[in-house]
Amino acid sequence: MAISLDLDSQSLILLDNGGGDVGIGDSGGGGLNVGTGDVSGGGTSNTTAAAAEQIEEFIAEGGGSLPIVYGEHLIAGILVLHKFTLGTPNTSIIIVALGDGQGNGGQHGEWEGAVAVYYAGEALSVSPDGSTAGYRFANGFISTGVASGPQQVDAFHSTGLAYSGTAIIAVKLPDATANAEDRPDKLRGRYKGRRIFDYDATGRRLGAAAYSTDPARIALDRLLAYYEHKFPNDLTLAQRLMEEKVDWESWKIWSNYNVSTISWDPGTGAGNIARFEGNIVFTGDIILADAFDQICAAAGAWWQDDGEQIIFLPPTDREPVHHFNESNILSAPIIRPTDLRERPNYFIAEFRDFDDPYLGTVSVEVRRDALIKQVGEIKSVRVFPAMKQSQAQRLLERQARLEADNPTTCTITADETSIHLLPGDFVTVSHPVPGWTYQRCLVLSVSISSAEDGADTCEFILQAINDSLYSDFAHTARQEALTP
Amino acid sequence: MDLLSRKDKQIESHTTLQVSINNADLTRNYYFASAQLMILGATWQPQLRQGSQIRANLARASDQATVDLQNVDTEIGLEFLSLGSLLYGSTAKIGRYWRDLQSGVDFHKVLLTGPIVGLQVDEQVVRVTAVSEPYANLSVGATRRAALSCQWNFRDPSTCQYAGTLLTCNFLLNHTDGCEGRHGTPLKRAKFGAFAYLSSKSRLKTI
């Protein structure tokens, strides 16, 4: 039997007894390419960033998926009602579905609210009734009555539906606009997505769901959704299974780390911002592992599945959990520095700037000039979800440290004392072949071979890490907004 | 771990499989290993013939475990077949067990937990297939669509919330076999889980 895990895929491979060893991508030291950006970084964010673009596209014909939205996004939505009445003046009522609220199951997940709503670029105001032009937001609660309880039928279309479980925006266009044209497709808004639960370090739920962009809470919301979708008629069981699945101590450390503030100047003077936020959206089917990948990538974090529980790890330096030396290494390490020509040295990240009211796309870059002088520019372009410039810069610097600054990987075959290691752990290595004495390494992949008639052996791909991978200070002030 | 790091160790090791069925209809646990074992008070039957097999590739394919249990006496096969659909979705735990032959100290580590997704029975073996939970084919993404017909699971207590005597629904808003017949007017307009105006005047006007 052989088991194989790697940081890139979180995969686990078991082979039959006597079935021979299986390497990771296939061993020899170079199987796992850190430079893909998929080691909880740039590459894994691409899907989330693409999803954020999808929800800016107006869907007029129905049939679209109702997205699962966390944090703030610019959304066009799915047109679900358009009622135009000729008259003096004309009236135009538009109802747009923004995304799934409590309809995703579990009696939670309603949205926080609308930040700003625009028609053809003009800001609309909140309408207090069914006759004044403007917008009215519905959070996506499960409706219990037409004119009572949460998510009632909207006054703009009082004979219509409540759109139970769906976050919607109902708009009555201003008279001048309705007289000029009859188009529902110029509606855009910036909205705050799902309210989610918080938990303490023992897994006890803390109060009611509340709006949060903490990636740790987002990850648990999807984990809870997994069990709620699996057991839709037994939410108590779903909650219990979720609680059993999480290593709460590590989760709480990660959550506290994300929400802790750091100092940064967004262009209006230095202030405090949350260290990591997740403005993440899912627009299609996705399995739990991929959802975790995308959520963790926005925070530079890692997740591990130890066989029974999910462990979340922040990007901080952690204590080594194992020491490799000649007494437990079975064959000499194979050392492979990444070829300089394959090592990115110019990193570019595109992202939606959270501090821009319209979430416009901007980019940041990190260069390694010493490497560029040697081999020229080897660019690596990534796309992050919406975030503050500070977060994008810190994440990109972390990618550069992973992919450019620490190029040496090492393949080690060791005895069964290392069977507890998981990708994402830190270890130390002392061995005369690479000349290492307590060299700190990141575990990239694990392959465990077990046989009923012999000792278990473990093969690892490690990455030598010579400095911290993450810094709170790897950011610069944002250019202040200027008036032309 | 201390056991494994001892230099004078003489260890036997085994693969283990635990199958847990826990739902409203049945609660049952099965314990199998490649030798008869006592772990945490449970007896693990020596029916496991072939070590687990889990495969994944670097493109994030499902982690999958395949475990062979002996079925020469056909007992396990008949037992699992009698469970029918209850077996699918039950939880499998695949692990390794180590025991120091000198001191008797033992150690058990679960390597994969996830739902059973496949069962194959022949006269030699019962082959059980499981996937690890994060890779189970159960979407946690956007699953509901903007559609005309109601998408709630009928009688789902958190969405549809119908708790009457009728046991079927055709998911249409104004139909006596649908929302009208279950929730009635006007409550159906609050309870309906879809977008009935999609095909009326809601389409984008092209100028």
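The model on screen is a predicted one, in which local features need pLDDT of at least 70 and side-chain atom pairs count only at pLDDT 80 or more, while totals for chains, interfaces and linings use all residues. Residues are numbered from 1 along each chain as its sequence is written, chains are lettered from A and ligands numbered from 1 in the order in which they are written, and side-chain values use heavy atoms, with hydrogens and water left out.

Stay with His431(A), which is found in strand 23 (residues 426-431) of chain A; helices (H or I, at least four residues) and strands (E, at least two) are DSSP runs, numbered from the N terminus. His431(A) is buried, with a relative accessible area of 10%, where buried means under 20% relative accessible area, exposed over 50% and partly exposed in between (1.4 Å probe, protein chains only). Showing its surroundings, with neighbours within four places in sequence left aside, brings up contacts of His431(A) with Glu326(A), Ile329(A), Ala332(A), Pro333(A) and Trp436(A), contact being heavy atoms within 4.5 Å.

Now display chain A as a whole, which has 8 helices and 25 strands. Of its 484 residues, 63% are buried, and among contacts in chain A with a separation of 6 or more, 68% are between residues 24 or more positions apart.

Next, select helix 3 (residues 215-230) and helix 6 (residues 288-297) of chain A, which pack at an angle of about 170 degrees with their axes 10 Å apart. Axes here are lines fitted to C-alpha atoms, for helices over the stretch in contact, and angles run from 0 to 180 degrees between N-to-C directions. Helix 3 and helix 6 of chain A are therefore roughly antiparallel to each other, given that angles under 35 degrees count as roughly parallel, over 145 as roughly antiparallel, 65 to 115 as roughly perpendicular and the rest as oblique. On the helix 3 side, show Pro215(A), Ile218(A), Ala219(A), Arg222(A), Leu223(A) and Tyr226(A), which meet Leu288(A), Phe292(A) and Ile295(A) in helix 6 of chain A. By class, this contact has 8 nonpolar, no polar and 1 charged residues; Ala, Val, Leu, Ile, Met, Phe, Trp, Tyr, Cys and Pro count as nonpolar, Asp, Glu, Lys and Arg as charged, and the others, Gly among them, as polar.

Move on to an open sheet of 4 strands in chain A, ordered 4-5-9-8 with antiparallel pairing, where two strands pair if DSSP finds at least two bridges between them. Strand 4 (78-85) and strand 8 (134-138) are its edge strands, each pairing on one side only, and the twist averages 15 degrees from one strand to the next. Strand 8 is joined to strand 9 (residues 166-172) of chain A by 5 bridges, with Gly134(A) opposite Lys172(A).

In the loop between strand 8 and strand 9 of chain A, select Gln151(A), which counts as buried at 7% relative accessibility. A polar atom of the Gln151(A) side chain lies 3.2 Å from the backbone oxygen of Ala162(A), and the backbone oxygen of Tyr163(A) lies 3.0 Å from a polar atom of that side chain.

A further open sheet in chain A has 3 strands in the order 20-19-21, with mixed pairing. Strand 20 (361-367) and strand 21 (379-383) stand at the edges with a single partner strand each, so one side of each is left without a neighbour in the sheet. Strand 19 (residues 346-352) and strand 20 of chain A run antiparallel, joined by 7 bridges, and Arg352(A) has Thr361(A) as its bridge partner. Helix 8 (residues 389-405) of chain A lies across strands 19, 20 and 21, running at about 150 degrees to strand 19.

Finish in chain B with strand 6 (residues 64-70), where 6 of the 7 residues are buried, so the strand is largely enclosed by the rest of the structure. Strand 6 of chain B runs antiparallel to strand 9 (residues 125-131) of chain B, with 7 bridges between them, and Val67(B) stands opposite Val128(B).

How values were computed. Polar contact = N/O pair within 3.5 Å; in protein donor to acceptor, adjacent residues only side chain to side chain.
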